[in-house]
Amino acid sequence: VQEQWASKSNFNCIGMHTPKRSWCAMVTEGDCDAEAVIRSCWEEEQTTSIHIGLVYRWEKSDELITGNRTVRYHLLNPPEGGWSAMARIYRRFLREERNLRTWEEKAAENPSVKTFASSFLLKIFQGYKKATLDGRGDYQSCTSFQEAGHILAQMRADGIRNLTAELVGWNDQGHDGTYPSRFPVNGIEGGEDDLRQLLDWGKANNCCIGVHDNYYDAYRVSQDFNLDDLVVLRDGTHWRNIPWAGGFAYKLCPLKAIEHLKRDLPRLRELFQGHYYVDALGAFNSCHSHEHPTNRQEFLNATREMLRLIRETFGTLSVEIPFAPYYDLIDGTYITAEISGIIADAPFYQRFVDEVVPFLPIVLHNSVRYHVMSWSRAGTTGALKSLAWGAMPFVEVCARPVAGAHQMPVYEDVRAFAGTAHQLCGVNYQDLQYKDLHDIQQVQPGSYHTHYADGTELLVNTSENQVK
């Protein structure tokens, strides 16, 4: 596990709650050059401290970073404080000062956002190459365009009719195949003719079939690969990540990535319908290229401009990772509900994280639809958890599972979750998507009390134990 991933904060808010004191703080100016500093004091009391660090130079040799620095503190009454009160304060800040809008406010300029907010979202994995260092591994097919249509037809037959689908691997050589190239359309899964037939079927059946894309990674196997487009680190080397399907993943500087976006966006809009998903959009950084140097603020601004163009063109936009600088530009994202898998081995999580609380659901609800990927494998229990957290249903599926890093279930494996989650979140309680969340508390293991701002309350028991 790369420990540095644990050091990326998703938002510019911190807080602490104890029986005697409760407070939260936000960096309201200069948050591109700030950090949350967390320490454990392994003395008799074994206390933990947290504070905001304002950065004027990331390295001693750097020029002074100019601009205002402002931290705003909120002191809370301990009996009434806690993470949910902090989330409501942060939500108010985002709405009043960072342009986070409610669904109703978004719908005033684009009514289709409410259709997306209440839809059942799924990713259909089509295929990818086995990960090799040179990006030339054997291709592994798991869903053709025709088979994708069969999956969607089956879901409609099950009564799930408001569907938004993202095709993962529609592009050249499949998922993570040859970015920053995306065309031609994946010929192994049927090519552009079969894709267009699928998209026509979607239009005729009220099923939005959108694009799954990436403007963060670049692979040497791509015909568009250019070293001059990449993020350059302080030591003059290019920022390179671990190998995926296309080989070692280099990072595009957003000042150059936007050129690829502007080149391909018109053709993408001509093909696909009304939703766009941007994969792997990580935290902002800096680029030390002589041709396109960017500080962290400029890096962020360029990324925001890409997202703005995409949303302006397609109407709705989702991203993989919920970073606060993008909240006002997105309509959907993943959230984390538990620490599991290889990330649980990161020292940061082992030292500091013992519970994941639904802070982001309170912040984002009624503005951004969110989902938890792992819950689709948990059947009815996962559906109930989605209801308790105000999440909307989401699945990742394929037609024919193959071995590899992206091994996906078939629809039948998640059918119980899909049917129950659709009925609970997409039908019975769909109106709750357009209300603010006030609080979510786990009253006992597996049982949640969810409280909405208008007074609506849900008691959701995902366990087999009776709620006391």
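**Exercise 1. Find which elements the buried residues of helix 6 pack against.**

*Solution.* Start with the partners: the buried residues of helix 6 pack against helix 5 (191-204), strand 10 (207-213), strand 14 (276-278) and helix 7 (296-314). Contact here means heavy atoms within 4.5 Å, and buried means under 20% relative accessible area, with exposed over 50% and partly exposed in between (1.4 Å probe, protein chains only). Helices (H or I, at least four residues) and strands (E, at least two) are DSSP runs, numbered from the N terminus.

Before going on, note that this is a predicted model: local features need pLDDT of at least 70, side-chain atom pairs count only at pLDDT 80 or more, and totals for chains, interfaces and linings use all residues. Residues are numbered from 1 along each chain as its sequence is written, and side-chain values use heavy atoms, leaving out hydrogens and water.

Next, pick out the buried residues of helix 6; among them are Pro254, Ile258, Leu261, Asp264 and Leu268.

**Exercise 2. Work out how the span of helix 6 compares with the expected one, and where the helix bends.**

*Solution.* First, take the length: helix 6 covers residues 254-271, which is 18 residues. Its first and last C-alpha atoms are 24 Å apart, close to the 26 Å expected at 1.5 Å a residue. The expected span is 1.5 Å times one less than the number of residues.

Then look for the bend. Helix 6 bends by about 40° at Asp264, the bend being the angle between axes fitted to the seven residues ending there and the seven starting there. Pro266, a proline, follows within four residues.

**Exercise 3. Decide whether Ser376 is buried or exposed, and list what it touches.**

*Solution.* Begin with its place: Ser376 sits in the loop between strand 17 (369-371) and helix 10 (379-388). With a relative accessible area of 4%, Ser376 is buried. Leaving aside residues up to four places away in sequence, Ser376 touches Phe394, Val395, Val414 and Phe417.

**Exercise 4. Trace the salt bridge of Glu147 and say which parts of the chain it ties together.**

*Solution.* Recall the idea: side chains of opposite charge can pair when their charged atoms come close. A salt bridge is a side-chain nitrogen of Lys or Arg within 4 Å of a carboxyl oxygen of Asp or Glu. By this rule the model has 28 salt bridges.

One of them joins Glu147 to Arg400, with the closest N and O atoms 2.9 Å apart. Glu147 lies in helix 4 (residues 145-157) and Arg400 in the loop between strand 18 (394-397) and helix 11 (411-428), so the pair ties together parts that are 253 residues apart in sequence. Glu147 is partly exposed at 21%, and Arg400 is partly exposed at 33%.

**Exercise 5. Find the salt bridge between Asp331 and Arg311, and say whether each residue is buried or exposed.**

*Solution.* Step one: the side chains of Asp331 and Arg311 meet at 2.8 Å, N to O. Step two: this pair links distant parts of the chain, with Asp331 in the loop between strand 15 (317-319) and strand 16 (332-334), and Arg311 in helix 7, 20 residues apart. Step three: Asp331 is buried, with a relative accessible area of 0%, and Arg311 is buried too, with 11%.
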